[in-house]
Amino acid sequence: MTRRGVQAGIMVGAALLLAACGGGADTAGGAEAAGDGGGASGGEVKKASLAQPGALTVAFCHPVPSGGDGGKVYGLTLRSYSAKNGAVVAERSTVLPRGVEPTAVCAKDGPAKGADLAFNKDLTQVAGIARAGTVDRAAAFDLTTGKEVAPPDPDAFTKRAKNTDAVFHPVTGRLWYNEQPHGFRSSDPVVSRDTKAGVASEQRVPYEKIPSLLKQDGPTAATVLATSGVHGRAVPSGGVVATGAQSGGVRLKRVADKGWSGADAFLTDLETKGLGEDGPDCAPSFWRDATTLVCEFKQITVTADYKKVVRTEDLVPENDRVGLPPVPSPDGNGFAFLSKGEGGQWALFRGSFTGGGRPVKVANVDQPLDGADKHRTSLVRWN
């Protein structure tokens with residue numbers, strides 16, 4: 001196929017997706033309330049903030065073939081539900097440019113790893129890697145237009161370092177990524193920038209200073225580790241990280257001052273009795289405090305020196321449903337998660353750390369009406 005034919009294929013595929021979504025990136029398609037109470041009107045849903053307080057935000061992503069060369073673009077929808085009554089309160093859909101893959105929510109391992117870090121604080125941008133030219137580079141894309149935010153000058157004669165992962169810091173809102181000027185990870189810095197200010201706002205942290213970031217606080221540690229593709233959850237004050245173990249189960253690791261390759265090399269295993277191969281087999285979700293880890297649907301309490309597990313509790317009754325990792329409520333007293341039963345219907349549920357008992361259903365979660373048969377679905381956060 002000619003270049004012109006490929007470009008035409010992209011335009012047709014994107015047009016079909018946008019038409020199915022309701023005519024553009026600001027769509028409210030499929031915005032009926034799925035729980036108790038009524039949802040907002042279509043116009044209100046199109047304009048409302050996805051990050052409004054008390055809303056649970058779900059991401060849907062699927063590839064769209066573009067052109068005859070096997071290429072694809074990604075269709076991305078974010079929808080926010082009221083945690084109180086399940087009403088849809090906001091929705092956005094867009095098609096990202098060819099050669100762009102969003103962080104976490106569209107890759108094969110998307111639902112389990114870092115959906116919260118893929119979007120900025122107000123849920124107006126998604127982080128991704130733009131595969132254009134000879135270098136893969138970190139970028140942010142507007143969820144209303146699908147366009148890159150503050151792209152570099154396409155006519156400039158500059159040399160950019162390769163980036164492999166890009167994530168948003170959940171507190172500062174800056175875009176973070178690694179920098180590989182030499183093509184290997186032994187001494188590469190990590191970089192952050194204000195997306196709206198562009199590359200001129202880049203701040204580099206040398207490799208040897210990475211331990212100070214991992215010890216700074218939990219959100220910063222998780223962000224920096226994610227730039228090396230490591231899904232880790234750090235205690236609120238930083239310095240100790242929970243990760244999945246290759247041999248199964250979960251591991252606790254302490255930040256060291258020296259490493260040999262990549263941000264994860266600064267983590268040394270702690271011998272925590274009750275974890276590892278003989279402990280719970282789950283992926284770390286978040287820390288409630290310095291000694292209480294939520295690991296999917298188990299709550300694990302360890303001693304203050306992290307040497308021993310003192311209690312493991314199930315957060316939901318034993319079941320055979322498909323459940324995606326939970327996110328914490330803003331007040332820290334509860335959690336929410338996506339679950340799918342025998343009928344294949346996704347639904348949002350919430351649970352409480354204080355009351356116990358069975359999870360409460362918030363809403364059914366219907367797939368976007370965008371022409372795709374299957375979406376990768378992720379719960380981003382409880383705003």
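Four strands make an open sheet in the order β3-β2-β1-β24, with antiparallel pairing. Because β3 (88-95) and β24 (376-382) stand at the edges with a single partner strand each, one side of each has no neighbour in the sheet. Neighbouring strands of this sheet are turned by 15 degrees against each other on average, direction ignored. Axes here are lines fitted to C-alpha atoms, for helices over the stretch in contact, and angles run from 0 to 180 degrees between N-to-C directions. Two strands count as paired if DSSP finds at least two bridges between them. Helices (H or I, at least four residues) and strands (E, at least two) are DSSP runs, numbered from the N terminus.

The model is predicted: local features need pLDDT of at least 70, side-chain atom pairs count only at pLDDT 80 or more, and totals for chains, interfaces and linings use all residues. Residues are numbered from 1 along each chain as its sequence is written, and side-chain values use heavy atoms, with hydrogens and water left out.

The chain has 4 helices and 24 strands. Of its 383 residues, 52% are buried, where buried means under 20% relative accessible area, exposed over 50%, and partly exposed in between (1.4 Å probe, protein chains only). Among contacts (heavy atoms within 4.5 Å) between residues at least 6 apart in sequence, 54% join residues at least 24 apart.

A further open sheet of 4 strands has the order β7-β8-β9-β10, again with antiparallel pairing. Its edge strands are β7 (166-168) and β10 (203-205); each has a single partner strand, so one side of each is left without a neighbour in the sheet. The twist averages 25 degrees from one strand to the next. Helix α4 (residues 218-226) packs on this sheet and touches β7, β8 and β9, and its direction makes about 165 degrees with that of β7.

A hairpin through 2 residues joins β15 to β16.

The largest pocket holds about 930 Å³ of space. On a 1 Å grid over the protein atoms alone, a pocket is an open set of points where a 1.4 Å probe fits, with protein on both sides within 12 Å along at least five of seven lines; lining residues have an atom within 4 Å of a point. Grid points are joined across faces, edges and corners, and the volume is the space filled by probe spheres set on them. The lining has 41 residues, of which D116, R233, S285, F286 and P328 are the closest to the pocket centre. β15 gives the most, with 5 residues. The lining divides into 25 nonpolar, 10 polar and 6 charged residues; Ala, Val, Leu, Ile, Met, Phe, Trp, Tyr, Cys and Pro count as nonpolar, Asp, Glu, Lys and Arg as charged, and the others, Gly among them, as polar.

G332 lies in the loop between β20 and β21 (334-340) and is partly exposed, with a relative accessible area of 29%. Not counting residues up to four places away in sequence, G332 touches R288 and F353. G332 and W287 are 45 residues apart in sequence, and their C-alpha atoms are 9.9 Å apart in space.
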